Amino acid sequence: MSTTPTRALDTQELEQRVKHMYEEVARDPDADFHFETGRPMAERLGYRAEELDRIPAPAIGSFAGVGHFLDLAAIEPGESVLDLGSGSGMDSFLAALAVGPDGRVVGVDMTAEQLAKARRLATEAGFDNVEFLEGYIERPPVEAEVFDCVISNGVINLSPAKETVFTAVARALRPGGRLALADIVSSQQLPEGVTCDASLWAACIGGAMQRDGYRAAIEGAGLQIVEWRENEQYRFVSERADNAVRKYGVTSISLLARRPEN
Ligand SMILES: C[S@@+](CC[C@H](N)C(=O)[O-])C[C@H]1O[C@@H](n2cnc3c(N)ncnc32)[C@H](O)[C@@H]1O
């Protein structure tokens, strides 16, 4: 498996740290994190209040994404959408509204509490065109070439195998399908003091890939980047996070990429 250089990072420890952090985001979204959660942040990032009003409020409360990209995704009725790292399901529910009763949405996440919460909210609110599967974004448990659109919010930075994730995205997309995401990247390659800090990694900072490398990972999977924009409205909240952000240019971006037609 191709991996982002993380010489001394213990990937098993990292997985446990990430799961632990996002268990807490599902259970107690108002606790102190290095990052913001919830509706005020979602609205600041560009989510429209009238759309948020149509999905379960607890999914919005546990929103831990880093940008808005649904305008780039331009999801149409009847489409099929895969949400990688779906968390408590906010983007999946918004995608479910956009695809309507003839479409479907599949969310994939590795953290049991996030999955349980998203599934419970889907059942309670009667969203029967969305399902949440347990799995890894590096090898999502879905068929090849069936999705019109893959979305992901604040997740790929958490993977130590980003090239593998983008290869999995290209596999899941039908020819001509698109990838729309928000994620964290850096201007400079982060030093080992940051990349090997599992707690900064789990907070969406330590795993930030240098932006040219990130673009190359997407293009290396055979996808063409159509649009790339900076999300200046996103901010980290702890002092430690803020130092890394200022020193290494860690920022949030949204992008649209396409799998070429065969
Ligand atoms: C920052 S949260 C974002 C969740 C959601 N997209 C949102 O916007 O609220 C990251 C999510 O990705 C999941 N995750 C992180 N790494 C993963 C991996 N390798 N495979 C599957 N899920 C992963 C975590 O469990 C967590 O729910």
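Guide: A pocket is an open set of grid points where a 1.4 Å probe fits, with protein on both sides within 12 Å along at least five of seven lines, and a lining residue has an atom within 4 Å of a point. The model is predicted.

Visitor: Which residues lie nearest the centre of the largest pocket, and how many residues line that pocket?

Guide: Val18, Met110, Ile137, Val155 and Leu158 lie nearest the centre, and the lining numbers 38 residues. The volume of the largest pocket is about 710 Å³.

Visitor: Which helix gives the most to the lining of the largest pocket?

Guide: The helix is α1, with 6 residues. Both α1 (11-27) and α6 (90-99) supply at least two residues of this lining. Divided by class, the lining holds 16 nonpolar, 16 polar and 6 charged residues.

Visitor: What is the volume of the second largest pocket, and which helix provides the largest share of its lining?

Guide: The volume is about 230 Å³. Its lining has 13 residues, with Arg48, Glu51, Leu70, Leu94 and Ala98 closest to the centre. The largest share, 4 residues, comes from α6, and α5 (70-73) and α6 each supply at least two residues. By class, 7 residues of this lining are nonpolar, 2 are polar and 4 are charged.

Visitor: Which residues of α1 are buried, and what do they pack against?

Guide: Leu14, Val18, Lys19, Met21, Tyr22, Glu23, Val25 and Ala26 are buried. The buried residues of α1 pack against α7 (112-125) and α10 (198-202). At the start of α1, a side-chain oxygen of Asp10 comes to within 3.0 Å of the backbone nitrogen of Gln12.

Visitor: Why is Ser62 called buried?

Guide: Buried means under 20% relative accessible area. Ser62 has 3% relative accessibility and therefore counts as buried. Ser62 lies in the loop between α4 (57-61) and α5. Beyond its neighbours within four places in sequence, Ser62 is in contact with Val25, Ala26, Pro29, Ser88 and Lys117. Ser62 and Pro29 are 33 residues apart in sequence, with their C-alpha atoms 5.1 Å apart in space.

Visitor: What makes Ser80 count as buried?

Guide: The relative accessibility of Ser80 is 9%, and the cut-off for buried is under 20%; Ser80 therefore counts as buried. Ser80 belongs to strand β1 (residues 80-84). Residues up to four places away in sequence aside, Ser80 touches Arg104, Val146, Phe147, Asp148 and Cys149.

Visitor: Why is Ala74 called partly exposed?

Guide: Partly exposed lies between under 20% for buried and over 50% for exposed. Ala74 has 41% relative accessibility, so Ala74 counts as partly exposed. Its place is in the loop between α5 and β1. Phi of Ala74 is near 45°, a positive value in a residue other than glycine.

Visitor: What makes Glu145 partly exposed?

Guide: Glu145 has a relative accessible area of 40% and is therefore partly exposed. Glu145 is located in the loop between β3 (130-134) and β4 (147-153). Phi of Glu145 is near 60°, a positive value in a residue other than glycine.

How values were computed. Residues are numbered from 1 along each chain as its sequence is written. This is a predicted model: local features need pLDDT of at least 70, side-chain atom pairs count only at pLDDT 80 or more; totals for chains, interfaces and linings use all residues. Side-chain values use heavy atoms; hydrogens and water are left out. On a 1 Å grid over the protein atoms alone, a cavity is a set of points where a 1.4 Å probe fits but cannot get out, and a pocket is an open set with protein on both sides within 12 Å along at least five of seven lines; lining residues have an atom within 4 Å of a point. Grid points are joined across faces, edges and corners, and a volume is the space filled by probe spheres set on the points. Ala, Val, Leu, Ile, Met, Phe, Trp, Tyr, Cys and Pro count as nonpolar, Asp, Glu, Lys and Arg as charged, and the others, Gly among them, as polar. Buried means under 20% relative accessible area, exposed over 50%, partly exposed in between (1.4 Å probe, protein chains only). Contact means heavy atoms within 4.5 Å. A polar contact is a pair of N or O atoms within 3.5 Å; within protein, one must be able to donate a hydrogen and the other to accept it, and residues adjacent in sequence count only if both atoms are side-chain atoms.
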